[in-house]
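Please look over the model below.

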Amino acid sequence: MRESESRYSNLSILLHWTIAALLIANVLVGGWMEDAEGPDKLGWFATHKSLGITIFVLTLVRLGWRITHPWPVLPPHMAGWERLLARGTHILFYLALLAIPLLGWAAASAGGAPTTDWFGLFPIGNLPLPRSENLGDALGGAHKLLVKAAYVLIGLHVLGAIKHQFLNRDGVLHRMLPIIPTPRD
Ligand code: HEM
Ligand code: HEM
């Protein structure tokens, strides 16, 4: 259970791909929620909130793990600006994965959204915020803006992964996705 230069730990790999899948799922659910009408809207909202809070909690676990288990070193061929871009993107991901759900939850709370259940299991109420439509709208706007910023991060991150796999041909993709072999010359 430790990070190594050739492979991330099983926990890091599990959290990375689970959070990535939940994030994409919640972007889809967020869109369906906005488009839905009537009682369906509340159902989509409950799912959106449950998925979002799951992402938040898993990110806290991941952050705890990362603070106690440092990242494996980046390959020596990487230039200073590449290291900065790679690590900067990773750090901004951590911040976005905490701020996006919190802002969404705050927006719903200020807007006076009803209490919903975490996947039907236990209730999740609202954050203690004053009820105000203006505050709710502002927080909702910030929530959606940060989701757009996350799309930019995902774009940079995936381009980086493709560059490592096909141009640098190092084992960076393999160490996060071990089913993909390290390219051989
Ligand atoms: C990482 C987790 C989350 C992601 C990726 C995400 C994504 C999104 C997206 C893409 C939309 C906009 C849909 C559109 O405009 O078509 C949205 C809206 C919204 N989300 Fe989230 N969300 C997350 C977590 C949460 C959480 C935990 C809550 C808490 C209840 C929440 C509450 C809302 C609300 C209230 C809106 C509507 C905002 C408005 O229209 O002003 N979100 N979300
Ligand atoms: C879509 C949501 C995604 C998020 C939020 C995300 C986030 C992260 C973060 C924070 C790290 C740093 C390592 C850690 O602390 O665990 C990381 C590493 C990594 N990610 Fe992602 N990722 C996503 C999607 C992807 C995708 C689609 C790919 C592949 C195409 C990918 C490939 C990698 C690789 C190869 C690493 C290892 C980098 C290294 O060795 O330092 N990620 N990712």
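## Basis

This is a predicted model: local features need pLDDT of at least 70, side-chain atom pairs count only at pLDDT 80 or more, and totals for chains, interfaces and linings use all residues. Residues are numbered from 1 along each chain as its sequence is written, while chains are lettered from A and ligands numbered from 1 in the order in which they are written.

## Shell of ligand 1

Ligand 1 is surrounded by 21 residues (C-beta atom, placed from the backbone, within 6 Å). Gly30, Lys49, Gly52, Gly104 and Gly140 are the closest. At least two shell residues come from each of α1 (10–35), α2 (39–68), α3 (80–110) and α4 (133–168). Helices are DSSP runs of H or I, at least four residues, numbered from the N terminus.

By class, the shell holds ten nonpolar, eight polar and three charged residues. Ala, Val, Leu, Ile, Met, Phe, Trp, Tyr, Cys and Pro count as nonpolar, Asp, Glu, Lys and Arg as charged, and the others, Gly among them, as polar.

## Shell of ligand 2

Around ligand 2 there are 18 residues, with Ala20, His90, Phe93, Ala161 and Met176 the closest. Two or more come from each of α1, α3, α4 and α5 (172–176). α1 gives the largest share, five residues. The shell divides into twelve nonpolar, four polar and two charged residues.

## Contact of α2 with α3

The axes of α2 and α3 lie 9 Å apart, at an angle of about 145 degrees (lines fitted to C-alpha atoms over the stretch in contact; angles run from 0 to 180 degrees between N-to-C directions). Contact residues (C-beta atoms, placed from the backbone, within 7 Å) include Lys49 and Gly52 of α2 and Gly104 of α3. The contact divides into ten nonpolar, three polar and one charged.

Conventions
Contact = placed C-beta atoms within 7 Å.
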